[in-house]
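This report describes a structural model, moving from whole chains to single residues.

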Amino acid sequence: MPFISKEPEKLKLATPQVMQRIRDVIHETVTPSWISSVPKNFGSAGAGTLKADEWQIMATVYLPIALISLWGHGACYKHKDLNALSTRSLENTMSLFSAVRLLTFNNMSLGRIQAYKDHIVAYVKDVQVLFPKEDIPTNFHMAIHITEFLNLFGPVRSWWCFPLERLIGIMQRRLTNHKQGVYLFGSTQFFFFLTQPFQEN
Amino acid sequence: MLQTFIRSGQLHRWLQAPDRPSALVGSKELFEKIFHRESFERPFANPSKGVVKDFPEDLQSVTNTTNGKLHAYHRALNIVFARASTHLGNSLVLFYPHNDWRNQYIPASIKYIFQVGSQVKFAVRRHLDSTKAEDIFAKYPHFPMKLYSSKLADSLEVVEIDWIFSHFARYNVSAEDVVVLPLSRE
């Protein structure tokens, strides 16, 4: 006798059609040259893990266009429960995208900080209602605290971690001789002593 | 490292604050002059270069000038603008007609970058309004996307660089309509 689960069927929003629409939008959207490129095969295993900068471009350019064009009319799926869920998920996701857009402005005002807080709080609240069985990661809580840093330090461009990320990237690409504290820089055979190696006698 | 990071963050904030000392602003300009750092105001295409040519007919009619220099691209305020035939993405601009910020900005595509005398200007074709009754993209106040017609106006308009608000991203939602997404980070 075949096993029949009594669990209700799990609703899945990210169908192959949705992923294909996102890839189409990435491929067909016309952008200026200063917008960084993102993987054209987004969502497939070959695309690898997106970097923070790529997620920022996805959240502020491609994903809003793709999701609104797909879910904005509210009749994308055959299952009516999925249509209702996609409409609510779109509103929820747009709160997140609006928060990201506000956060990455070069100029910050009290009005923008308050708008960021409203959007991120609305997103965190609604995501718990929409997906009650999912665990809420810690960085949701941390995202709300960014409001305080905006008040203290101003626009995130002044204090975000991209410069340090770049420094880490540069250091990772350097050739080393696998000796702790001693780095071999490039093909110039130049030894750069970051720290004085500790010598044991 | 954390202390250095916090201090540099505070320093950046102080340097960008509206109430920063005017001496700092002057020092920055002096620094750039001494060390020959490329100024943000310096145009990418050198206006002193290029050959004076006869303008195409459509450009002549809108500028009332028969000849001048034509550029493929131009850099202003550290942003590269290009004509549509050179780089379509860099040609998509939002502009305020006559620099009137009280009105809604207009999406357009640069057809020509021309120079008469020392001043560089753009000749653009604006996107026509969409005929759709409902705009599902225009519901989000902090994400100001909007539908426009995919057709461009036949007539050209002359736009000065100061009138430009930002570049925009464009996606063809259907054969008739495009969605316009402003890319300003200011």
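## Chains and domains

The model is predicted, and local features are described only where pLDDT is at least 70. Chain A contains six helices and three strands. Chain B contains four helices and eleven strands.

The domain assignment divides chain A into domain 1, residues 16–158, and domain 2, residues 164–193. The centres of these two domains, taken over C-alpha atoms, are 36 Å apart. For chain B, the assignment gives domain 1 as residues 2–34 and domain 2 as residues 53–182. Here the C-alpha centres of the two domains are separated by 34 Å.

|---|---|---|---|
| chain A | 201 residues | 20% | 48% |
| chain B | 186 residues | 26% | 53% |

## Contact between the chains

Between the chains, 28 residues of chain B are in contact with 30 residues of chain A. On the chain B side, the elements that supply two or more residues each are α1 (2–16), α4 (88–91), β10 (164–172) and β11 (177–182). By class, the chain B residues that touch chain A are 14 nonpolar, ten polar and four charged.

## Helices of chain A

Two packed helices are described by the angle between their axes and the distance between the axes. In chain A, the axes of helix α4 (residues 110–130) and helix α5 (residues 138–153) come within 10 Å and cross at roughly 175°. An angle over 145 degrees counts as roughly antiparallel, and α4(A) and α5(A) are therefore roughly antiparallel to each other. On the α4(A) side, the contact is made by A:Ile113, A:Tyr116, A:Lys117, A:Ile120, A:Val121 and A:Val124. The α5(A) side contributes A:Phe140, A:Ala143, A:Ile144, A:Thr147, A:Leu150 and A:Asn151. Sorted by class, this contact has nine nonpolar residues, two polar residues and one charged residue.

Helix α6 of chain A covers residues 162–173. At 1.5 Å a residue, its twelve residues should span 16 Å, and its end C-alpha atoms are 17 Å apart, which agrees. The helix α6(A) is hardly covered, as the count of buried residues among its twelve residues is zero.

## Selected residues of chain A

A:Ala99 sits in helix α3 (residues 80–103) of chain A. Is A:Ala99 buried or exposed? A residue is buried if 20 or more other C-beta atoms lie within 10 Å of its own; A:Ala99 has 25 C-beta neighbours inside 10 Å and so counts as buried. Not counting residues up to four places away in sequence, A:Ala99 touches A:Tyr116, A:His119, A:Ile120 and A:Tyr123. Of these, A:Tyr116 and A:Ile120 also take part in the contact of α4(A) with α5(A). A:Ala99 and A:Ile136 are 37 residues apart in sequence, and their C-alpha atoms are 18 Å apart in space.

A:Met19 belongs to helix α1 (residues 16–28) of chain A. With 15 other C-beta atoms within 10 Å, A:Met19 is partly exposed. Leaving aside neighbours within four places in sequence, A:Met19 is in contact with A:Ala14 and A:Gly43. The pair A:Met19 and A:Met108 is 89 residues apart in sequence and 34 Å apart in space, C-alpha to C-alpha.

## A loop of chain B

Which loop of chain B holds B:His98? B:His98 lies in the loop between β5 (92–95) and β6 (106–116). Phi of B:His98 is near 55°, a positive value in a residue other than glycine. B:His98 has 9 C-beta neighbours inside 10 Å and counts as exposed.

B:Asn99 is found in the loop between β5 and β6 of chain B. B:Asn99 is not a glycine, yet has a positive phi of about 60°. A residue with 12 or fewer other C-beta atoms within 10 Å is exposed; B:Asn99 has 12 and is therefore exposed.

Definitions and conventions:
Residues are numbered from 1 along each chain as its sequence is written. Chains are lettered from A and ligands numbered from 1 in the order in which they are written. This is a predicted model: local features need pLDDT of at least 70, side-chain atom pairs count only at pLDDT 80 or more; totals for chains, interfaces and linings use all residues. Domain bounds come from an automatic or database domain assignment. Axes are lines fitted to C-alpha atoms, for helices over the stretch in contact, and angles run from 0 to 180 degrees between N-to-C directions. Angles under 35 degrees count as roughly parallel, over 145 as roughly antiparallel, 65 to 115 as roughly perpendicular and the rest as oblique. Two residues are in contact if their C-beta atoms, placed from the backbone, lie within 7 Å. Ala, Val, Leu, Ile, Met, Phe, Trp, Tyr, Cys and Pro count as nonpolar, Asp, Glu, Lys and Arg as charged, and the others, Gly among them, as polar. The expected span of a helix is 1.5 Å times one less than its number of residues.
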